[in-house]
Amino acid sequence: MPSTPKSDTRRLKSLIPRLRGKRIAVLGDLMLDRYLWGTASRLSPEAAVPVVDFVEQSEGLGGAGNVAANLAALGARVECFGTIGNDEAGTALRNCLRASKITEKGVLSDRSRMTAVKTRIIARHQQVVRVDRERREPLRPETEERLLRSLFIALKRLDALVLSDYDKGLVTDNFAERVLSACHQLRIPVFVKPKTSRLYAYRGARVIVCNAKEAGFFVTRSLDDDESVEQAGRALLAHFGCSAVVITRGAEGLNVFEDTTPKGFHVSATSSEISYARVGQAGVDHSAHGRQVFDVTGAGDTVLSVLALAIAAHVPIREAAVLANAGAGVVVGKLGTSTVTPAELLAAVREIA
């Protein structure tokens, strides 16, 4: 499979300021990521598990909220749409949205629902265990209609919509069809992170972003080599009726397939070593090569965010894919769900050369 030609670094650097100020909405399953930080120096006498001495707690946006946070960190004007419970976690999630300067008018509180919370216990920069508190029931009809009305009012002022489906009950086939139809009428590009439980939703999206495991599920075979990835990409283009498909492949980078070209192209993973101690804290070490991966949590969200924002800013998809891949290379060097800033993206682009 052909690789994308080496992009001019100066050209890529000049594209990053264009991302600022675009109006992007994020619709999807909102979650609260909660982190319990501590130290561990001994095993429990009750079981072969470490005893973690609590030091501090932090919280951040997860799920579709992480996509919104990535967009906001890059300078986009972000509106979030989804549902949360009328509970303590929902209040904490709203506080996180406000801290990230994300508009929350489209986030509805529903007493019948529970705010999804993923609690990670971390010691010595390693995740010890994750506890998920969530339910997956569909929205009540009246809540769904309120949410769609709020979204449809906002569409006229948007440059793009990101649909981030984590299969927590918000998105159904009919819901997705109504959203994409409304966006199509207003010529608003839709970027989708699909869930494998929905095989026939999302048709007509501008770009579908999925990882190799998800893509393999859709085409009912494992993607073990470049040829199988190429075949899957072409099949998914037809399956979703979309303009482009992006398959993220971890250490192998990502592959992009367009409906206007017969062959896909490949973007290699970036190679600078980046190390971080806490969620969202920066610190770049240029003394070594080869990615130091702390955590792949949220890397796909970053690809989706950067790609959507760049294309909304009229960046060609091949250059948008290079920027998205560089952004993902930054967040895998951070522990937990994290974002990438314009300065970090600029530093990563410099390393591409």
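Trainee: Okay, big picture first. How many helices and strands does the chain have?

Mentor: Ten helices and 15 strands. Keep in mind that we're looking at a predicted model.

Trainee: And what share of the residues count as buried?

Mentor: Of the 353 residues in the chain, 54% count as buried. Here's another overall number: take the contacts between residues at least 6 apart in sequence, and 69% of them join residues at least 24 apart.

Trainee: Let's pick a helix. What's the span of H8, end to end?

Mentor: H8 covers residues 299-312, and its end C-alpha atoms are 20 Å apart. With 14 residues at 1.5 Å a residue, the helix should span 20 Å, so the two agree.

Trainee: Is H8 enclosed or out in the open?

Mentor: Largely enclosed by the rest of the structure, because 13 of its 14 residues are buried.

Trainee: What follows H8?

Mentor: Look for histidine 314 after the helix; its phi is positive, near 70°.

Trainee: New topic: helix pairs. What do I need to describe one?

Mentor: For two packed helices, you give the angle between their axes and the distance between those axes.

Trainee: Is the crossing left-handed or right-handed?

Mentor: The crossing of H4 and H5 is right-handed.

Trainee: Which residues meet there?

Mentor: On the H4 side you have Glu144, Glu145, Leu147, Leu148, Leu151, Phe152 and Leu155. They meet Asn174, Phe175, Arg178, Val179, Ala182 and Cys183 in H5. The residues of that H4 and H5 contact split into nine nonpolar, one polar and three charged.

Trainee: And how do H9 and H10 pack?

Mentor: H9 (residues 317-331) and H10 (residues 342-352) pack at about 110°, with axes 9 Å apart. Since 65 to 115 degrees counts as roughly perpendicular, that's the word for H9 and H10.

Trainee: Who's touching whom in that one?

Mentor: Val322, Leu323, Ala326, Gly327 and Val330 in H9 meet Glu344, Leu345, Ala348, Val349 and Ile352 in H10. By type, the contact of H9 with H10 has eight nonpolar residues, one polar and one charged.

Trainee: Let's zoom in on single residues. Where is alanine 68, and is it buried or exposed?

Mentor: Alanine 68 is in helix H2, and it's buried, with a relative accessible area of 0%. Leaving out residues up to four places away in sequence, alanine 68 touches Val26, Val78, Cys80 and Ile102. Leucine 27 is 41 residues from alanine 68 in sequence, yet their C-alpha atoms are 9.0 Å apart.

Trainee: What about alanine 72?

Mentor: Alanine 72 is found in H2 too, which runs over residues 64-73. Its relative accessible area is 18%. Buried means under 20%, so alanine 72 is buried.

Trainee: Last one: what's going on around arginine 34?

Mentor: Arginine 34 lies in strand E2, residues 30-43. It's buried, with a relative accessible area of 13%. Not counting residues up to four places away in sequence, arginine 34 touches several others, including Glu59, Glu88, Val117 and Lys118.

Technical notes. Residues numbered from 1 in each chain as written. Predicted model: local features only at pLDDT ≥ 70, side-chain atom pairs only at ≥ 80, totals over all residues. Heavy atoms only, no water. Helix = DSSP H or I, 4+ residues; strand = E, 2+ residues; numbered from the N terminus. Expected span 1.5 Å × (residues − 1). Buried < 20%, exposed > 50% of the residue type's maximum accessible area, 1.4 Å probe, protein only. Left-handed = near helix turned anticlockwise from the far one by under 90°. Contact = heavy atoms within 4.5 Å. Nonpolar A, V, L, I, M, F, W, Y, C, P; charged D, E, K, R; others polar. Axes fitted to C-alpha atoms, helices over the stretch in contact; angles between N-to-C directions. Parallel < 35°, antiparallel > 145°, perpendicular 65-115°, else oblique.
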